[in-house]
Amino acid sequence: MGRIHQQRPTIFDRKTKTNRAEAEKIVDMVFEHIEKYPERSLGVVAFSVAQQSLIDKLISKRRQQDPSKDSFFKSDKVEPFFVKNLEAVQGDERDTNIFSIAYAKDSQGRLLLNFGPINREGGERRLNVAVTRAKYNVKLVSSMHY
């Protein structure tokens with residue numbers, strides 16, 4: 001498993017509960033996937049509803065700028081592309097799933113140990129279900145380092 005090195009500053013914005021740099025990286029990965037593996041299905045799983053919404057918004061913006069990839073996003077496919085939050089992913093099996101953790105240090109350099117739905121009762125089961133929905137591979141995007 002390779003590491004993704006990112007040049008953008010990765011900060012978790014406590015006000016919006018999002019990590020914009022990470023969301024932008026996810027969007028880049030979605031469009032790279034379409035270029036390399038247009039026949040493979042793809043899903044994006046965000047650890048929070050706020051991050052899911054931001055990723056959705058950024059994908060829509062990219063699609064407006066470059067509509068040449070719109071056929072990939074058609075909803076009438078057997079396994080259509082999706083962006084969902086961890087709590088909404090159940091039986092959504094795809095060839096590849098990209099996970100956006102979003103949580104990271106804030107602008108003051110603090111990392112709070114609140115990871116949304118994973119901290120709640122049954123969070124580990126939700127994560128397990130989401131990870132096992134990938135048929136070929138899982139790609140994890142995180143701004144946290146060891």
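View 1. Residues are numbered from 1 along each chain as its sequence is written. As the model is predicted, local features need pLDDT of at least 70 and side-chain atom pairs count only at pLDDT 80 or more, while totals for chains, interfaces and linings use all residues; side-chain values use heavy atoms, with hydrogens and water left out.

**View 2. Order of elements.** The protein chain has 3 helices and 4 strands, arranged α-β-α-β-β-α-β from the N terminus on. Helices (H or I, at least four residues) and strands (E, at least two) are DSSP runs, numbered from the N terminus.

**View 3. The largest nonpolar core.** This core has 20 residues, and Val30, Val44, Ile55, Ile59, Phe73, Phe81 and Ile98 have the most contacts inside it. A nonpolar core is a set of buried (under 20% relative accessible area, 1.4 Å probe, protein chains only) Ala, Val, Leu, Ile, Met, Phe, Trp, Tyr and Cys residues joined through side-chain atoms within 4.5 Å. Helix H1 (20-36), strand E1 (42-46) and helix H2 (49-65) each give two or more residues to the core; H1 provides the largest share, 7 residues.

**View 4. Surroundings of Ile98.** Beyond its neighbours within four places in sequence, Ile98 contacts Ile26, Met29, Val30, Leu42, Gly43, Val44, Val45, Lys139 and Val141.

**View 5. A second core.** A separate core of 12 residues includes Val45, Phe47, Ile101 and Phe115.

Key
Buried means under 20% relative accessible area, exposed over 50%, partly exposed in between (1.4 Å probe, protein chains only). Contact means heavy atoms within 4.5 Å.
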